[in-house]
Amino acid sequence: MTVNHAATITFAHINDTHSNFEPSAISLSLSPDVLNTETSVYASCGGFSRIYSAVTEVKQDAFLHQREFMFVHAGDCFQGTLYFSLYKGMANAVLLNAIGVEAMALGNHELDIGNDVVADFLDNTTFPLLAGNWDLSQEDQTKRNPLRNKRNVYAYDNASQSARYLIKDVHGEAVAIFGLAIENMAGISSPDPDTSFHNVATVAKNTIARLKAKGINKVVILSHLGYDRDLSLAQEVDGIGAIIGGHTHTMQGDFTNIGYGKTDTYALMVNNTCVVQAGCNALALGQLTLVFNADGSVESASGCNHLLLGRKFTIDAGRMQHLDHDSHNKVRDYLQSQKNIRFVVKDPRVENILNEHYRPAVRALQTEKIARINEPLRHIRVPDAKGSSDIAPWVVKSFVWQARELGHHIDFGIHNAGGVRCSLNPGEITPADIAGRLLPFAIGIMMYSVKGLRIRQALEGAIDNAINNDIEGTGDGSFPYVADLRYVYRCGAPSGQRIETLEYYTNGEWLAVEDDDVYTSVSSGYTATGKEGYAPLLDYVKEPQALNVTMADAFEAFAKQQGEFNKPSENLTVFIPCDNHNN
């Protein structure tokens, strides 16, 4: 019979870093007490060089107090910046190894462009990927690089119907750690169809039961499910010591002292399970100390999220206008006294990796001017009182233009609003603005041929999904923007009749889209594969064809040809909300 003992361990944790290896400039709103006036200052925050320095400090402190230590990542390291656009998963593999990550959960963005990139990433990482509900048992083993037999994939175990797990030895006591990923991965990402995801609660219960049978009663889950799902999982499943999570970019803690909000307390306890998450974009490091009783229950869970700051403050985001000496010192002293701020120097070894292998190519793209924005181009997902997105229609137009440039007949284009990530201010834009900010998801564009009815159904389904109209949607990012196509959507109309007008532009005139006619459209690979309400597009007449051009590549080529951008002259997406008096 196993005799269990108490155990104490400190976890350093990050999540949703999205290739943000560089620091970010963030605005801090300080109280009038600091400089006798309400003040906003900008600080350099986060980045992998600071993450590594902070982790080193936390690890040293843990060992000094005779606690075991582990550094984990709760998923979504892919996408987000030029470092991913240029290097896909390879830069992430090198830099996550360099900062000492010991285990990582599988995030949905890891699978945006299929399993292949994850497989190559894992061939270059020194840590395991924890994805305990990912079923690889039916994976096609003739693929170029199959995942199933990789030693560092801790996936679903069919024999026991539970998660593969790793054991952390905490001074002779076993702490089991396994990972859980979003069950609806196929709905929001692009996993290969020969791999699937099991229910997280069922897998968690089965795994905990299996561990107990082996005499292991201390359990930590590395999760990429989102904060609310973590809280409900903690309530639903007994026997979890902690859930270290990601996906929703939740910054637990009270950050009102620097002008940000408050989200619960750090290390929130639910059903004797501690739930933590540490924001996003490598801005912060979570630091959790768990004290387990001998019976596996949590005696205490303590710690906090620290924003990782440099020591120079400016009054502009470009970090050129400096505070005067006295004001600078007052700001520094105030921030130094805050428990959720950590001043951290950049680690020279990590900086050297960036300088030698990655920064030069990124910097080159940050200086090349390719087009001018003449007026503010606002991006919004679902149209509001001010109108629709100004930039998304240009993005879709670039897809149509690119496909036609490649010699394909294209009737129109469709793109989901969530695939466009920012507004654009007047001025010159660079490839870095496009691939690093506007279209940071390195997803290709595809053409497909479907009947007009399916286009109508896909548009309605995507908008229903975006606004939760009669369904529980997956988010407002599915809202469709279009080029050479126009529609009217009336929210209050009966299901199946909400697209009132649907026309496409051909030979200089607008014609009705006929339900039984076949049309060829171009979209991102994400939309073309039926995600988030676009499932009718899967009923295609002709197999979708990848054009081997990413969204950012298409827009960059289009921008060079276009030269300048104004607001679109016509609104092609007429959205009549449910509270409109015309209903």
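**Cysteines, a helix and a serine**

Hi everyone, let's start with the cysteines: this structure holds one disulfide, a term used here for a pair of cysteine sulfur atoms within 2.5 Å. Before I go on, please keep in mind that this is a predicted model, where local features need pLDDT of at least 70, side-chain atom pairs count only at pLDDT 80 or more, and totals for chains, interfaces and linings use all residues. Residues are numbered from 1 along each chain as its sequence is written, and side-chain values use heavy atoms, with hydrogens and water left out.

Which cysteines form the disulfide? They are Cys491 and Cys578, with sulfur atoms 1.7 Å apart. The link of Cys491 and Cys578 is left-handed, with -70° about the S-S bond. Cys491 sits in the loop between strand 28 (485-490) and strand 29 (499-506), while Cys578 is in the segment after strand 34 (573-576), so the pair ties together parts that are 87 residues apart in sequence. Helices (H or I, at least four residues) and strands (E, at least two) are DSSP runs, numbered from the N terminus.

Now for burial: buried means under 20% relative accessible area, exposed over 50%, and partly exposed in between, using a 1.4 Å probe and protein chains only. Cys491 counts as buried at 5%, whereas Cys578 is partly exposed at 42%.

Two other cysteines are worth a look. Cys274 is in no disulfide, and the nearest cysteine sulfur, from Cys304, is 13 Å away. Cys274 is buried, with a relative accessible area of 0%. Cys280 is in no disulfide either; its nearest cysteine sulfur belongs to Cys45, 10 Å away. At 18% relative accessibility, Cys280 counts as buried.

Let's move on to helix 13, residues 452-467. Its expected span is 1.5 Å times one less than its number of residues. How many of the 16 residues of helix 13 are buried? Twelve are, so the helix is largely enclosed by the rest of the structure. Among them are Ile455, Arg456, Leu459, Glu460 and Asp464. Just after helix 13, Asn468 takes a positive phi of about 55°.

Last stop: Ser49, in helix 2 (residues 48-64). Ser49 is buried, with a relative accessible area of 3%. Leaving aside neighbours within four places in sequence, Ser49 is in contact (heavy atoms within 4.5 Å) with Phe21, Val345, Lys346, Asp347, Val350, Glu351 and Leu354.
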